[in-house]
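Please look at the sequence and the model before reading on.

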Amino acid sequence: MSLNVSERLKIRSLSVERLRRRAVTLTLSSPLLRWRYASNGADQILIVPQELRAADPSFWTEVAHGYFGLAAQIADLKGASPFRIAPPSIAWERELHGFGWLRHLAATEEEEPATAARDLVLEWIALKKMSHGTAYEPEVIARRLISWISQANMLLENLDARAYTQIMSSIGQQIVALRTTWRNAPDGVPRMICLIALVLSGLAISGHDKQLKETEALLVAELKRQILDDGGHISRSASTLSDLVLDLLPLGQCFSSRALVAPEEINAAIKKSLRFLRFMRLGNGMLARFNGVSTGSPAALATVLGYASGEFDVMPIARPSGYARLERGPTIVLVDIGSPPPLELSTEAQAGALSFEMTSRQHLIFANGGFPGPADRDWESAARATVSHNTLCLAETSSSRLIRHDQLETMIDGLPIRGPDTVTCEFHDGSNQAEVLASHDGYVKRFGLIHSRRLSLSSKGDRLDGVDTLEPPKGTLRLKQDLPYAIHFHLHPDCRCSADGHGRCRITLPDGENWIFTADDTARTSIEESLYFVDSAGPRPSLQIVLRGTTYGETSVHWSMRIDAPEVTRV
């Protein structure tokens with residue numbers, strides 16, 4: 001794909017910035033300047049931060065039987081060390097060297113897995129004396145430091161002096177390595193995690209607080225850049241933000257334990273993020289599946305939102321992040337009204353402009369395909385396409401386009417997307433219905449058409465009306481050849497759907513509640529196969545309602561969803 005002028009300039013800018021960061025890292029890593037980051041060693045861990053991520057004690061059973069399951073892939077060790085086998089994937093290797101799995105062994109509260117954890121850490125230290133490879137990628141170092149410090153009670157208990165010194169010396173060396181290399185971390189969360197790990201190390205490890213103020217300032221600057229005014233992350237991924245909050249929350253506790261005051265910007269970023277995550281949570285307790293959101297658990301999200309203490313009202317619209325929320329009664333509709341994130345942060349962004357998801361009480365009705373898990377990345381391109389979202393697809397093409405460019409893909413470690421360039425939105429949250437009117441220009445350059453969508457949710461949440469329109473940006477247009485379009489409504493796999501022969505579809509939720517979907521005669525209604533990509537077991541078959549037709553240049557399709565028994569009280 002040919003690049004436009006702004007994309008070529010972006011690649012040049014990224015290349016220059018990458019070279020600059022590498023030059024700074026090389027300079028700071030030189031013997032003449034490395035002393036600046038040296039310290040009195042790591043003799044003692046002063047505080048142990050709380051581990052907020054969920055732990056699975058059954059992981060020890062797996063390890064005890066010779067298997068190591070990480071990043072949705074299980075490695076058969078065949079009696080060997082996990083550090084000596086060929087890793088099944090780069091994601092598995094990064095998780096292995098990040099040591100986040102230590103929390104699973106700690107959760108057993110038994111001596112045998114604790115001993116195994118200590119042995120594995122000591123073995124890693126013996127094997128990884130050369131600071132290169134995946135184990136010494138900046139983000140991996142950061143994850144490892146956070147894990148070792150968080151599990152210090154288990155790792156350092158009952159150790160002899162020699163083993164204790166080995167672990168503490170390694171921690172000290174890794175802190176120095178991270179201080180000199182964090183600038184090489186990819187933009188976005190990886191760079192943020194590096195700074196979080198450095199602040200945590202300065203608070204938790206004796207003798208490593210010399211650069212604490214400097215690192216605090218760097219972290220604050222990164223938070224201001226990456227966390228938007230509405231609390232969303234610059235990548236537009238709610239799951240990315242949720243993971244980030246799990247790393248930020250323990251910092252506040254560490255500042256308090258050291259009788260220090262955390263920078264107000266850190267607390268403000270956490271509060272904004274928690275409010276945004278509550279905004280993005282649907283009635284089923286899960287985050288809406290937009291832009292990189294994959295498998296997750298309501299319990300994990302509830303853990304994060306538990307720190308909100310119920311103090312936040314749910315905002316109706318998050319303009320900087322590009323999402324709108326319609327909520328009436330027990331019905332919630334979340335809509336994507338944003339453009340893709342910056343090119344270098346768009347490797348998990350999806351072509352879902354104007355798509356929406358909908359829940360009734362705790363049941364998900366319309367669900368985007370979501371982002372596949374690490375073991376199902378073969379489905380990634382399909383999942384990112386417009387046809388996998390609850391929106392209109394014109395001429396079987398996506399509203400956003402993947403950019404295939406070797407240099408760019410190497411620099412940002414993935415495939416970025418471009419467009420739509422402009423997404424507009426009007427939002428009305430009245431006393432009766434809630435309504436959003438949005439449009440995007442993702443099809444203008446190729447076909448000369450704007451896609452507009454109006455969604456209106458009734459006062460009781462028992463009816464959702466929609467209008468999808470294709471029209472030129474101005475004036476009138478008669479295409480030389482009619483173009484096919486399809487408006488997709490992907491159902492969650494737990495929903496059943498049947499047609500009554502009169503153009504209506506009956507959707508039955510798991511609790512027996514029925515909804516009726518109807519559309520005007522402009523398009524043909526059909527029930528077709530679909531895929532739900534975010535199931536923990538892999539892509540799961542489901543159904544979708546599709547409205548198909550052709551446009552000569554100006555077309556509007558009216559459709560509606562209503563509960564089959566609106567007189568029944570819904571709670």
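The sections below go from the whole chain to its sheets, hairpins, cysteines and backbone details.

## Basis of the description

The model is predicted, so local features need pLDDT of at least 70 and side-chain atom pairs count only at pLDDT 80 or more, while totals for chains, interfaces and linings use all residues. Residues are numbered from 1 along each chain as its sequence is written, and side-chain values use heavy atoms, with hydrogens and water left out.

## The chain as a whole

The chain holds 17 helices and 21 strands. These elements are DSSP runs numbered from the N terminus, with helices (H or I) of at least four residues and strands (E) of at least two. With a radius of gyration of 26 Å, close to the 25 Å that the globule rule gives for 571 residues, the chain is as compact as a globular protein of that length. That radius is taken over C-alpha atoms, and the globule rule is 2.2 Å times the number of residues to the power 0.38. The C-alpha trace spans about 80 × 50 × 50 Å along its principal axes.

Of the 571 residues, 55% are buried. Buried means under 20% relative accessible area, exposed means over 50%, and partly exposed lies in between (1.4 Å probe, protein chains only). The chain exposes about 24600 Å², and carbon and sulfur atoms supply 50% of that area; accessible areas come from the Shrake-Rupley method with a 1.4 Å probe, and for residues only the protein chains shown count as cover. Among contacts with a separation of 6 or more, 69% are between residues 24 or more positions apart, where contact means heavy atoms within 4.5 Å.

## An eight-stranded sheet

Eight strands make an open, antiparallel sheet in the order E11-E12-E13-E14-E21-E18-E17-E16. Its edge strands are E11 and E16 (496–499), each of which pairs on one side only. Neighbouring strands are turned by 15 degrees against each other on average, direction ignored. Axes here are lines fitted to C-alpha atoms (for helices over the stretch in contact), and angles run from 0 to 180 degrees between N-to-C directions.

Two strands pair if DSSP finds at least two bridges between them. Arg496 stands opposite Thr508 in E17.

## A four-stranded sheet

Another open sheet has four strands in the order E8-E15-E20-E19, again with antiparallel pairing. Strands E8 (392–394) and E19 (524–532) are its edges, each pairing on one side only. From one strand to the next, the twist averages 30 degrees.

E19 and E20 (residues 540–551) pair in the antiparallel sense over nine bridges. Within this pairing, Ser526 has Val546 of E20 as its bridge partner.

Strand E4 (residues 323–328) is largely enclosed by the rest of the structure, because five of its six residues are buried. Two bridges join E4 to the antiparallel strand E3 (residues 317–318), and Ile317 has Ala324 of E4 as its bridge partner. The hairpin of E3 and E4 has four residues between the strands, and Gly322 takes a positive phi near 85 degrees there.

E4 also runs antiparallel to E5 (residues 331–336), joined by six bridges. Here Ala324 has Val335 of E5 as its bridge partner. Two residues lie between E4 and E5 in their hairpin, and Gly329 in the turn has a positive phi of about 55 degrees.

## Cysteines

How many disulfides does the chain contain? The count is zero, with a disulfide defined as a pair of cysteine sulfur atoms within 2.5 Å. The sulfur of Cys505 is 4.7 Å from that of Cys497, its closest cysteine sulfur, which is too far for a bond. Cys497 is buried at 14% relative accessible area, and Cys505 is buried at 2%.

## Backbone details in loops

The peptide bond from Gly419 to Pro420 is cis, with omega near -5 degrees. Pro420 sits in the loop between strand E10 (417–418) and strand E11 (423–429).

Ala259 is not a glycine, but has a positive phi near 55 degrees. It lies in the loop between helix H12 (238–257) and helix H13 (264–279), and Ala259 is exposed at 70% relative accessibility. Arg361, also not a glycine, has a positive phi of about 55 degrees. Arg361 is found in the loop between strand E6 (356–360) and strand E7 (363–366), and is partly exposed, with a relative accessible area of 23%.
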